[in-house]
Amino acid sequence: MNQVLSQSVRDAITRELQKYPAEQQQSAVMAALRFVQEENNWISREAMDAIAEVLGLQPIQVYEVATFYSMYRLQPGGKHQINVCTNVSCMLCGSSEVISHLQDRLGIETGQTTADGRFSLNEVECLGACGGAPMLQLDRDYHENLTPETLDALLEGLD
Amino acid sequence: MLNIEIDGRQLQAEEGEMLIEVADRAGIYIPRFCYHKHLSVAANCRMCLVEVEKAPKPLPACATPVTDGMKVFSRSELAMDAQKGTMEFLLINHPLDCPICDQGGECELQDLAVGYGGDRSRYTEEKRVVRDPDLGPLVATEMTRCIHCTRCVRFGQEISGIREMGATGRGEHTTIGTYVQHAIGSELSGNIIDLCPVGALTSKPFKFAARSWEMADVASVAPHDCAGSSIRIQTLRGKVERVLPLENNDINETWLSDRDRFSYTAVNSGERLTVPRIRKKGEWQETDWATALQSVADGLLQNVAKQGADKLAGIISPTSTLEEFYLFQKLLRGLGSNNIDHRLKLADSRDDGRWASAPALGMPIKELESLDFVLLIGCNLRKEQPILNHRLRKAVLAGADVAVINPYDYEFNYPLSVRAVSSPSGMLQSVANIIRLLSDKLGHDVPEDVIPWMDPTRINQQHRALADRFADRNSKSALILGQLAWLHEEGAILRSMAKTLADMAGVSLGFLPEANGVAAWQAGCTPFSEQDKGLSVADMDAAEIKTWLLFGVEPELDAAHGGQLLAALNDADIVVAITAFASAGESYADVQLPAAMFAENAGTFVNCEGAAQTLSAATTPPGDAREGWKILRALAGYLDLPGFDFDTVSAIAAAVDAAGAPSPGYGMGSLSGYAKTEHAGGENLERIRDSLIYRGDAILRRCEPLQRTTDNPPPAARINPQQASRLGLEQDAKVKLMVDETSVETPVVLDQRVPEGCVFLPIGYLETAALPGSASVRLVRS
Ligand code: SF4
Ligand code: FES
Ligand code: FES
């Protein structure tokens, strides 16, 4: 097997494959992409090719899936991913202030990463937490009812 | 049978059919972009929306199965509104660049925009722009025009079997392409040009050459393989501009191989010979036909008188027409020589006496689809016969299994049930071992004559699997020998064993003839005649032939034993080359007569299933070049040979005693009289020969776009990496390949697909043409 994927990713894919019948192994592609991203913070071309090889797909079939979902990161990004929802509910409740506060504090635009590589700031669509709008997702956690103060407190606690 | 009604017409339909199929059959046109009858239904363009009674909203005709009593309105207000709406959305992002788009005039979007589009756009926002991927030398891209119908993507998945194109991104940001730079490598890739309903994918060699409506269109046949695909040759003011497939459900359906689609580029090659030429004191001099023909006739007659007719030989290209074959052999036989052949790939002629009729597939091409099991021996079907391979691929998708016994581990676009790869001599052993296993299984005696080739200690799992498969009498099986079998140095033994195996198993034995080879047999372009047997191409070199008549061939590149033939031609007294290209035979010929080539001459093509089709002239040959049959007729006149007074090709065809459909008439499979050869090891490697897809004939070698594809690698001696390390060779090391006194130099390429103890060195390369064809070669670092 190829060397691009780490042993733990390969093990995880092997486990995942057991969930699917033999002729449906390609179903594991989404999980495989996620494993790589969780380990490396992003998914390289080489990693996608490696996944294709492991799952018996053509590389383009993996590229299609990876580019379809916006949550797969195909470029290296910051250590912490800040995903601010700017969809309707959040917008009505002030997501633009959240964005501008973060932009000022971090000194970057949305879609960019800070020079020290710590933070990436992204705009995303509804994350299904409209009740707590405006909200953001920091790495794997949701943070709701944001104000400039709670935002500052949130970022201060991070390495 | 179901009864449905479309636009007031009562129609019958099969259960499970889609509305659009029924409408198409009845000639009711429903607009569409993504639907294609040979591809799966994607239903993503929504252009085919129609009104169906009792359905609350319009339904896509391509994805709506018929039900009994269904009432459909394809041009009602609801339907038309839906279609117009779809059209407006499709045009939002489509550039208005029809004047500079090659698809203009044959664009489905343009056509439908006329019928369904608005006369002005309501869209004022920004249009999207898409970067163009470089797909290689055949397909030009302009992806901003793409309407995301995914026909090209489905073609890769479903027909060519290699998924190279894909849809990446999402929604507005979806783009069709390869995502990473990647020249597409499918031998059927040109079909996506036809499939693309817009100008996103167009033909690179045809780029900006002509408009579809200004070209003349002639139906003909493609001459490069034994399928004989139906084609349309399109010309503008006498210049061949493009070749397209012509739908023929018995042969190529709606598809065409890239080889047949782009080989026309050689018609316009700068290497065309346009006037007769004679070599005087080493210098080529142009002359007129009368002088050239007189000098050829004088030379032929003098030499025949001096040395005897058995020192005269003729080789004709298997891409020639039935009529050319007939006159060619008649002329040579008229001069008293039976040394006539078209079988350039033939390496071993020891079984010449066994052919009862032309080697052929032995079943209709279509029938390949219904086979359960096929064993290919010495055959890279995918590149050799792309159209036949497509049929077999369909069989595999329907559950058939295909196995191979090959000397090189070729890649197929479907899974193989057994992949037995071994040296050429190992192939003989494999077949012999299978015969042994099968005789045990069926309770037959082991055929004595095959025993020397058997090695029970080397019987492996693959041999067992194949024997089991052949023992299964309930499946419809076939055994097919391909080009690598013709090129096999001990091909006679291989054929004989294949015959024994096929007979024992009771399965059909097929051969893939070279191009129009079946016609060549029917017309008598083989060295056997009733009275006498002449020399086959494989033996001509050893007979001190001094006078040669070449028709459309470059023996040094075309033939299995090209090296030997080159030496013989260099040594000859007179070499007459009837050729379309000045560069063909330039170094050894004494006279060159300029001939027409495919697209310029009419005649008959008989494919591997025995179907005779008509090749038509779409244009006239350049300059003083003439159709081959006219040249032969005129030459016969100068030679005073009787019986050549034909005025038309059809008159010649009528004279050919064409025996009905050819059966693969191979006589008994006895091996008595053949000896087993031992292959030395060490620096002596067994040579594996093939003729690569775009190097197979003089025309193909002059198709510049095909020469630039990934299927045309530079010359190299391919050896297995383990073998290389044992010989102390690394990638790109320069090596000398030697047979007796002759040697050629070439770089080494390490290739896991070559079995150990072998070197893979295809024919067709000028750089290595001098190397005589032989079972083994010595390989040393140079
Ligand atoms: S490139 Fe052509 S065939 Fe492919 S999806 Fe786009 S419009 Fe359809
Ligand atoms: S709109 Fe922001 S979470 Fe739903
Ligand atoms: S042709 Fe039916 S949806 Fe495209």
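**Reading the model, feature by feature**

Mentor: Start with one side chain: that of A:Asn122 makes a polar contact with the side chain of A:Gln81, at 3.0 Å. Keep in mind that this is a predicted model.

Trainee: How many helices and strands does chain A have?
Mentor: Seven helices and five strands. Read from the N terminus, the order is α-α-α-α-β-α-α-β-β-β-β-α. The C-alpha trace of chain A spans about 50 × 35 × 25 Å along its principal axes.

Trainee: Where is A:Pro134, and what joins A:Ala133 to A:Pro134?
Mentor: A:Pro134 is in the loop between β3 and β4 (136–138) of chain A. A cis peptide bond links A:Ala133 and A:Pro134, with omega about -5 degrees.

Trainee: Which residues of chain B lose the most area to chain A?
Mentor: B:Arg163, B:Arg170 and B:Tyr179. Together they make up 54% of what the chain B side buries. In terms of contacts, 15 residues of chain B meet twelve residues of chain A.

Trainee: How many salt bridges are counted between chain B and chain A?
Mentor: One. The side chains of A:Glu64 and B:Arg163 form a salt bridge, 2.8 Å from N to O.

Trainee: Which elements of chain B supply at least two residues each to the side that touches chain A?
Mentor: α4 (151–160) and β7 (166–168) of chain B. β7(B) gives the most, with three residues. By type, the chain B side divides into six nonpolar, six polar and three charged residues.

Trainee: What surrounds ligand 1?
Mentor: A shell of 13 residues. The closest are B:Cys146, B:Cys149, B:Thr150, B:Cys152 and B:Cys196. The shell holds eleven nonpolar residues, two polar and no charged.

Trainee: On to sheets. What holds strands together?
Mentor: Strands of a sheet pair through backbone hydrogen bonds, either parallel or antiparallel. Chain B has an open sheet of seven strands in the order β14-β13-β24-β23-β22-β15-β16, with mixed pairing.

Trainee: Why is one side of β14 and of β16 in chain B left without a neighbour in the sheet?
Mentor: β14 (283–286) and β16 (340–341) of chain B are at the edges, and each has a single partner strand, so one side of each has no neighbour in the sheet.

Trainee: Do β15 and β22 of chain B run parallel or antiparallel?
Mentor: Parallel. Five bridges join β15 (residues 312–316) to β22 (residues 547–551). B:Gly314 has B:Leu549 in β22(B) as its bridge partner.

Trainee: What does a hairpin look like here?
Mentor: Take β1 (residues 2–6) and β2 (residues 9–13) of chain B, antiparallel and joined by five bridges. B:Ile4 is the bridge partner of B:Leu11 in β2(B). Two residues lie between the strands of this hairpin, and B:Asp7 in the turn has a positive phi of about 50 degrees.

Trainee: Which strands does β29(B) pair with?
Mentor: One is β30 (residues 742–750) of chain B: six bridges join it, antiparallel, to β29 (residues 734–739). β29(B) and β30(B) form a hairpin with two residues between them, and B:Asp740 in the turn has a positive phi of about 50 degrees. Another partner is β32 (residues 776–781) of chain B, antiparallel over four bridges. Follow B:Leu737: it stands opposite B:Val744 in β30(B), and its bridge partner in β32(B) is B:Leu779.

Trainee: Where does B:Phe208 lie, and what is its phi?
Mentor: In the loop between β9 (201–203) and β10 (216–221) of chain B. B:Phe208 has a positive phi of about 55 degrees, although it is not a glycine.

Notes
Residues are numbered from 1 along each chain as its sequence is written. Chains are lettered from A and ligands numbered from 1 in the order in which they are written. This is a predicted model: local features need pLDDT of at least 70, side-chain atom pairs count only at pLDDT 80 or more; totals for chains, interfaces and linings use all residues. Side-chain values use heavy atoms; hydrogens and water are left out. Two strands pair if DSSP finds at least two bridges between them. Contact means heavy atoms within 4.5 Å. Buried area is the accessible area (1.4 Å probe) that two parts lose on being put together, summed over both. A salt bridge is a side-chain nitrogen of Lys or Arg within 4 Å of a carboxyl oxygen of Asp or Glu. Ala, Val, Leu, Ile, Met, Phe, Trp, Tyr, Cys and Pro count as nonpolar, Asp, Glu, Lys and Arg as charged, and the others, Gly among them, as polar. A residue is near a molecule or strand if one of its heavy atoms lies within 4 Å of it. A polar contact is a pair of N or O atoms within 3.5 Å; within protein, one must be able to donate a hydrogen and the other to accept it, and residues adjacent in sequence count only if both atoms are side-chain atoms.
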